[in-house]
Amino acid sequence: MNTLRSFYFLRSGVAFAWVALVVLLSNLDVPPFVSGALLVLYPAWDALANMLDARRSGGLRTNPGQRLNAVVSIATAAVLVVALTVRGNAGGLFVFGIWALLSGLLQLFVGIRRRKLGGQIFMMISGVQSALAGVFMTVQAFGEAPTIAKLAPYAAFGGLYFLLSALRLTFKRPTYDAYQREST
């Protein structure tokens with residue numbers, strides 16, 4: 001439980017740091033490859049985070065949702081490089097949107113599997129919101145594609161949900177069964 005709580009705090013901190021960096025750099029005149037690199041780093045970090053989480057909870061073999069999420073996120077990071085090169089922001093937003101949809105559904109699946117650990121309601125809500133945001137981003141890619149700064153709220157909400165889950169695990173009262181095991 002402490003490991004999961006610490007992991008959620010880490011995920012929250014990284015998401016908020018990414019948002020801060022995006023907001024800071026969006027107010028500067030930076031070359032497009034810098035914002036593209038930030039966009040690629042988001043799913044790359046998600047892949048690493050899923051592998052770390054799975055390793056601490058039995059490995060990738062016993063966690064199919066995290067295994068698939070890691071593979072999808074690695075593939076997304078690679079495809080994002082190509083999409084940004086070929087189609088610019090529109091291509092990047094399209095790929096990012098498809099990834100948000102898939103990773104949101106996988107996050108929902110993992111949250112449902114872990115619901116007995118507590119603090120998962122926020123992960124399930126986050127998964128649904130990510131999937132819906134992914135649909136919105138994918139459709140938006142066919143219009144005027146926004147800058148990376150427009151994706152900051154997506155990451156901020158993800159960070160908020162991880163923070164809420166960590167706090168829920170921090171302040172969760174032990175169940176009667178857990179109390180019985182400790183007192184015997």
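This is a predicted model: local features need pLDDT of at least 70, side-chain atom pairs count only at pLDDT 80 or more; totals for chains, interfaces and linings use all residues.
Let's start with a pair of helices. Take α2, which covers residues 32-56, and α3, which covers residues 64-113. Their axes sit 8 Å apart, and the packing angle comes out at about 175°. Anything over 145 degrees counts as roughly antiparallel, so that's what we call α2 and α3. And what's in that contact? Sorted by residue type, the contact of α2 with α3 has 16 nonpolar, 7 polar and 2 charged residues.

Now, on to the salt bridges. How many does the structure hold? There are 2 of them. As a quick reminder, side chains of opposite charge can pair when their charged atoms come close.

The pair I'll take up now is D46 with R11. The closest N and O atoms there are 2.6 Å apart. If you look at where these two sit, D46 is in helix α2 and R11 is in helix α1, residues 2-26. That's 35 residues apart, and the pair links distant parts of the chain. Are they buried or exposed, D46 and R11? Both are buried.

Then there's D53 with R114, where the N to O distance is 2.9 Å. D53 lies in helix α2 again, while R114 is in the loop between α3 and α4, with α4 being 121-140. As for burial, D53 has a relative accessible area of 9%, so it counts as buried. R114 is at 11%, so R114 is buried as well.

Okay, let's move to the surface. Which residues make up the nonpolar patch there? They're L48, M51, L60 and I74, and together they have about 310 Å² of accessible area. I'll pick out I74, which is found in helix α3. Its relative accessible area is 46%, so I74 goes down as partly exposed.

Staying in α3 for a moment, let's go from the surface to the inside. L80 is in that helix, and L80 has a relative accessible area of 0%, so we call it buried.

From F96 to F109 you step 13 residues along the sequence, and the C-alpha atoms are 20 Å apart in space.

Two more and I'm done. In helix α1 we've got L25. At 18% relative accessible area, and with the cut-off for buried being under 20%, L25 still counts as buried. L25 and G36 are 11 residues apart in sequence, and their C-alpha atoms are 12 Å apart.

And in helix α5, residues 152-171, there's L169. It's buried, at 5% relative accessibility. The C-alpha of L169 is 9.1 Å from that of Q120, and those two residues are 49 apart along the chain.

How values were computed: Residues are numbered from 1 along each chain as its sequence is written. Side-chain values use heavy atoms; hydrogens and water are left out. Axes are lines fitted to C-alpha atoms, for helices over the stretch in contact, and angles run from 0 to 180 degrees between N-to-C directions. Helices (H or I, at least four residues) and strands (E, at least two) are DSSP runs, numbered from the N terminus. Angles under 35 degrees count as roughly parallel, over 145 as roughly antiparallel, 65 to 115 as roughly perpendicular and the rest as oblique. Ala, Val, Leu, Ile, Met, Phe, Trp, Tyr, Cys and Pro count as nonpolar, Asp, Glu, Lys and Arg as charged, and the others, Gly among them, as polar. Patches are made of residues with over 30% relative accessible area and no salt bridge: like charges are joined within 9 Å, nonpolar side chains (Val, Leu, Ile, Met, Phe, Trp, Tyr) within 5 Å. Accessible areas come from the Shrake-Rupley method with a 1.4 Å probe; for residues, only the protein chains shown count as cover. A salt bridge is a side-chain nitrogen of Lys or Arg within 4 Å of a carboxyl oxygen of Asp or Glu. Buried means under 20% relative accessible area, exposed over 50%, partly exposed in between (1.4 Å probe, protein chains only).
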